[in-house]
Amino acid sequence: MNNFREVNDDILKDWLSFREDDLCSLTFDEDRKHFVYFDEISEKILKNVPEQNQKYVKKQLDLLDENFIDYICYWNEKYYRNGFCDGIQLYFGCLNE
């Protein structure tokens with residue numbers, strides 16, 4: 001049997017990818033309210049940085065953006081995956097009793 005707690009190319013990975021696309025579409029006002037508008041924030045920061053430092057600051061902001069996305073993806077997958085596995089174990093535990 002597949003161990004769904006391990007990160008593989010499996011149905012949970014496909015579902016997380018689908019949810020990510022769905023959530024990033026910002027179809028609801030509440031979603032837009034809580035979205036991280038990183039590009040807009042970066043632009044505002046760069047407008048207030050001296051020209052000789054803009055290239056460096058932009059590179060650091062891009063690294064921050066990549067790191068933040070990696071962080072969010074890691075934790076989302078970890079907790080969605082483990083939550084799913086915990087739910088399945090509870091379900092089968094109830095069936096076995």
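Predicted model: local features only at pLDDT ≥ 70, side-chain atom pairs only at ≥ 80, totals over all residues.

Now for the ring pairs, of which the structure holds 4. One of them is stacked: Trp75 and Tyr79 have ring centres 5.4 Å apart and planes at 15° to each other. Both of these residues belong to helix α4, where they sit 4 residues apart, about one turn of the helix. Trp75 counts as partly exposed because its relative accessibility is 32%. Tyr79, at 51%, counts as exposed, because the cut-off for that class is over 50%.

Tyr91 and Phe92, where we started, form an aromatic pair too, and this one is edge-to-face. Their centres are 5.3 Å apart, with 65° between the planes. If you wonder why I quote two values for each pair, a pair of aromatic rings is described by the distance of the centres and the angle of the planes.

There is also a cluster to look for: ring pairs link Tyr71, Tyr74, Trp75 and Tyr79.

The protein has 4 helices and 0 strands, and its elements run α-α-α-α from the N terminus on. Of its 97 residues, 13% are buried. The protein exposes about 8400 Å², and carbon and sulfur atoms supply 57% of that area.

What about the buried side? In soluble globular proteins, nonpolar side chains tend to be buried together. Here the largest nonpolar core has 5 residues, namely Phe38, Leu46, Val49, Val57 and Leu61. The elements giving two or more residues to this core are α3, spanning 38-47, and α4, spanning 51-96. Val49 is a handy member to click on: leaving aside residues up to four places away in sequence, Val49 touches Gln54 and Val57.

Finally, a word on contacts across the chain. Among contacts between residues at least 6 apart in sequence, 58% join residues at least 24 apart.

Terms used: Residues numbered from 1 in each chain as written. Heavy atoms only, no water. Core = buried A, V, L, I, M, F, W, Y, C linked by side-chain atoms within 4.5 Å. Buried < 20%, exposed > 50% of the residue type's maximum accessible area, 1.4 Å probe, protein only. Contact = heavy atoms within 4.5 Å. Areas by Shrake-Rupley, 256 points an atom, 1.4 Å probe, with all protein chains shown as cover. Phe/Tyr/Trp six-rings, centres within 6.5 Å; stacked < 30°, edge-to-face > 60°.
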